[in-house]
Amino acid sequence: SVSSIVPESCLLIVVGLLVGGLIKGVGEKPPILKSDIFFLFLLPPIILDAGYFLPLRPFTENLGTILIFAVVGTLWNAFFLGGLMYAVCQLGGPGLNHIGLLANLLFGSIISAVDPVAVLAVFEEIHINELLHILVFGESLLNDAVTVVLYHLFEEFAGFEQVTILDIILGFLSFFVVSLGGVLVGVIYGVIAAFTSRFTSHIRVIEPLFVFLYSYMAYLSAELFHLSGIMALIAAGVVMRPYVEANISHKSHTTIKYFLKMWSSVSETLIFIFLGVSTVAGHHYWNWTFVISTLFFCLIARVLGVLVLTWFINKFRIVKLTPKDQFIIAYGGLRGAIAFSLGYLLDYHHFGMRDMFLTAIITVIFFTVFVQGMTIRPLVDLLAVKKKQETKRSINEEIHTQFLDHLLTGIEDICGHYGHHHWKDKLNRFNKKYVKKCLIAGERSKEPQLIAFYHKMEMKQAIELVESGGIGKIPSAVSTVSIQNINPQTLPLERVLPALSKDKEEEIRKILRNNLQKTRQRLRSYNRHTLVADPYEEAWNQMLLRRQKARQLEQKMNNYLTVPAHRLDSPTMSRARIGSDPLAYEPKEDSENLPIITIDPASPQSPESVDLMSEEPKGCSGLPPSPEEDEEGLVMRVKEPSSPGTDDVFTPGNSDSPSNQRMLRCLSDPGPRPEPEEGEPFIPKGQ
């Protein structure tokens, strides 16, 4: 019940305090956590466990944010805290006046770094969401390079009589040497471990040994040259894991997993217990001004650094960090045993105030672990911060993840923007083409990523099936492919595809590869200044202009007349009127120049099916009317359908002649008529 409220790290420190007090009460001298024991034996298992099982995808996606927090944030904390503590020492009275600027900057570099052991101990218990966990934990892992550089830099500057600008420039360059050198050492040992695991198929017992051996060698080699051992361990674990797991047996994989977890848990327990014991056993010098100022300025520097850096980072992030996230990142900056061990390493000859430094460091560690560690869980619940959702990965999720990766890579290629998806795709291609063939034995080197993931899930489901009580009941989680493998079914003969020969298959692949590669190389980035001119573009523009002119001409002709034409009745109404009173619709005597339309009321043909543009009235065609036309009146002709492939607008026809246009004007303008008097029919009889 106590561990649900108080973090495990706090309980272990309390146990250490009780054990140290008991040993001191008996009259013995309690053991002190020596820095050599801490850095050589207790810290590497925790870092190797974190690096080997590091969630690589969220880590790489947020690597820019993590690096800004780890490098810029740690530098800001160190110099801000060191400068303010120097001001406090100058104003604090006779007990603090002798502490110089370099000593305060060294103290700031020790106390400013977030501790990975403390972060792991607290954050794994509150089950915070993956983004916040990887941001705080990644920062605590990667700020080791900054801490190591600043610590050794100020320690060496303390022995100089005068610090020149050249020393400062070399110190700045040493940061890149320490961080990148540590990563390089880790990569080299990771590749060696992966290559060695390729030849261990005949002796599976020693497979886990190579993982631990090469990882520890990477850490020792980095520390030997004053490089970052933590960076070397993380790089070695990340590089070797995918190749080692493809080579070793499942039993060896289980051994590595549980041995690392057990080893890191034992180291973590010993570290916090020794912190409590060393607090009781060590020499302390308490100065209220120095200790309280250190604690206050630590909190202020952390909050200001997170707020300013997050404001800058959010300008470039797609998923923004909310104020709740910023609060958890600032509140989760826990200090731990690394700061205590670095303070314990200080030399009395150069730093006579070492006891006061250690007292302030222990106070900050206790405050962050006890106060912040105990209150972060209720604050997460109070702020309703999103927690980690325990979900099992599925084939469906893996397929969609790979599909989105390929899609985003293709979009970046088309746009000509070389983002992280493009470089990730390049790295995967290089890995598949060269690295896997050298480091993975047998057919597993050619196995696609999806198939490898499927085999891993099948093995996991089989183990769960055996542990749950046998194969009597097959759970729904087992895929249909597994059931088909248990009960194979032969396909019908007509559905069996003919097997391709290897030469034919290779030829098809070569054709596809060459054509796809040509297409990929032919695509260029979009730029409106370098677009290739379309040869048909001018013809299309001319066609559109002519069509637009024709429409404008038609609108002008319709709007040219001042008197609007009568609204035509529907065919049914026209037939009804003519059938009821045929004499009322006889033509006028003075309508010699107007077209006369003779309509048979019984005709089923609708006037709408007749094209008026093809009508040629007498007197309007320029020819004298014949007697047959005189009797027939207006001759109606149905418009012939246009031949396929011709354009109605651009193909000149009979309707485009001036006589036909005059005909249109005659039809649309019957001329002014007198207003019908009351009682007169709509069209009076012969006038």
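Is Phe39 buried or exposed? Select Phe39: at 19% relative accessibility, this residue counts as buried, a term that means under 20% relative accessible area, with exposed over 50% and partly exposed in between (1.4 Å probe, protein chains only).

The model is predicted, so local features need pLDDT of at least 70 and side-chain atom pairs count only at pLDDT 80 or more, while totals for chains, interfaces and linings use all residues. Residues are numbered from 1 along each chain as its sequence is written, and side-chain values use heavy atoms, with hydrogens and water left out.

**Aromatic rings**

Rings of Phe, Tyr and Trp (its six-membered ring) pair if their centres lie within 6.5 Å; planes under 30 degrees apart count as stacked, over 60 as edge-to-face and the rest as tilted. Next, select Phe296 and Phe297, a tilted pair with 5.7 Å centre to centre and 55° between the planes. Phe297 is buried, its relative accessible area being 16%. The structure holds 21 aromatic pairs, and Phe107, Phe290 and Phe357 form one aromatic cluster.

Move to Arg354, whose charged end sits over the ring of Tyr344, 4.8 Å from its centre. The criterion is NZ of Lys or CZ of Arg within 6 Å of the ring centre and within 35 degrees of the ring normal.

**The nonpolar core**

Return to Phe38. With residues up to four places away in sequence not counted, Phe38 touches Leu33, Leu43, Pro44, Ile271, Ala337, Ile338 and Ser341 (contact means heavy atoms within 4.5 Å). Phe38, Leu43 and Phe290 have the most contacts inside the largest nonpolar core, which has 123 residues. Such a core is a set of buried Ala, Val, Leu, Ile, Met, Phe, Trp, Tyr and Cys residues joined through side-chain atoms within 4.5 Å. Colour helix H16 (residues 354-383), the source of the largest share of this core, 13 residues. Helices (H or I, at least four residues) are DSSP runs, numbered from the N terminus.

**Helix H14**

Select residues 323-331, helix H14; its buried residues are Asp325, Gln326, Ile328, Ile329, Ala330 and Tyr331. Among the elements covering these buried residues are helix H4 (63-91), helix H13 (288-313) and H16.

Terms used: Helix = DSSP H or I, 4+ residues; strand = E, 2+ residues; numbered from the N terminus.
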